[in-house]
Amino acid sequence: MIKDDCIFCKLANGVFPTNSIYEDDDFNVILDASPANRGHALILPKQHFDNLHEADDEILAKVMPLAKKIAAAVKKVTGCDGVNIIQNNGPAAGQTVFHLHIHVVPRFNDDFEFEWPHKSFSDEEQSATAAEIAAVLKGE
């Protein structure tokens with residue numbers, strides 16, 4: 001499904017011109033119009049999914065191998081020292097465009113920071129949280 005009011009649907013499906021670097025039946029990979037660094041790419045599914053939680057497992061199974069392929073090409077071209085693969089879900093996580101997308105960001109010794117405050121939880125809290133999540137995964 002493509003949403004008429006989604007800018008990323010339009011970019012992924014060629015409605016608007018982009019600097020596309022890769023395209024197949026499921027994805028269009030474009031250079032970010034407001035990049036963190038040279039070579040910063042966006043992997044855009046052609047189908048609309050608001051976020052990771054709504055995406056088909058088939059699409060999700062294809063996205064990490066594609067991210068690996070894009071990251072290798074970006075690294076070869078830019079000479080970067082590392083690559084961030086970033087996928088945000090929901091406003092609290094920094095998602096601003098509600099169409100599933102994955103950032104491939106080449107990293108250098110630059111001033112772009114990607115760090116969060118590190119919190120501390122007791123062993124008991126960690127154990128309880130792990131048990132709760134494991135129960136959900138088991139369908140309990």
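These exercises work through the salt bridges of a predicted model.

Local features need pLDDT of at least 70, and side-chain atom pairs count only at pLDDT 80 or more, while totals for chains, interfaces and linings use all residues. Residues are numbered from 1 along each chain as its sequence is written, and side-chain values use heavy atoms, with hydrogens and water left out.

**Exercise 1.** Locate the salt bridge of Lys46 and classify both partners by accessibility.

Solution. Apply the criterion: a side-chain nitrogen of Lys or Arg within 4 Å of a carboxyl oxygen of Asp or Glu. Lys46 pairs with Glu23, with the closest N and O atoms 2.8 Å apart. Helices (H or I, at least four residues) and strands (E, at least two) are DSSP runs, numbered from the N terminus. Glu23 sits in strand E1 (residues 20–23), and Lys46 in the loop between strand E3 (41–45) and helix H2 (57–78). The two are 23 residues apart. Now classify. Buried means under 20% relative accessible area, exposed over 50%, partly exposed in between (1.4 Å probe, protein chains only). Lys46, at 15%, is buried. Glu23, at 48%, is partly exposed.

**Exercise 2.** Trace the salt-bridge network that contains Lys62.

Solution. Start with Asp26: its closest O atom to an N of Lys62 is 2.6 Å away. Lys62 lies in helix H2 and Asp26 in the loop between E1 and strand E2 (27–31), so the bridge ties together parts 36 residues apart in sequence. Then take Glu58, which meets Lys62 at 3.6 Å, N to O. Both lie in H2, four residues apart, about one turn of the helix. Compare accessibility: Asp26 is buried at 17%, Lys62 partly exposed at 33%, and Glu58 exposed at 54%.
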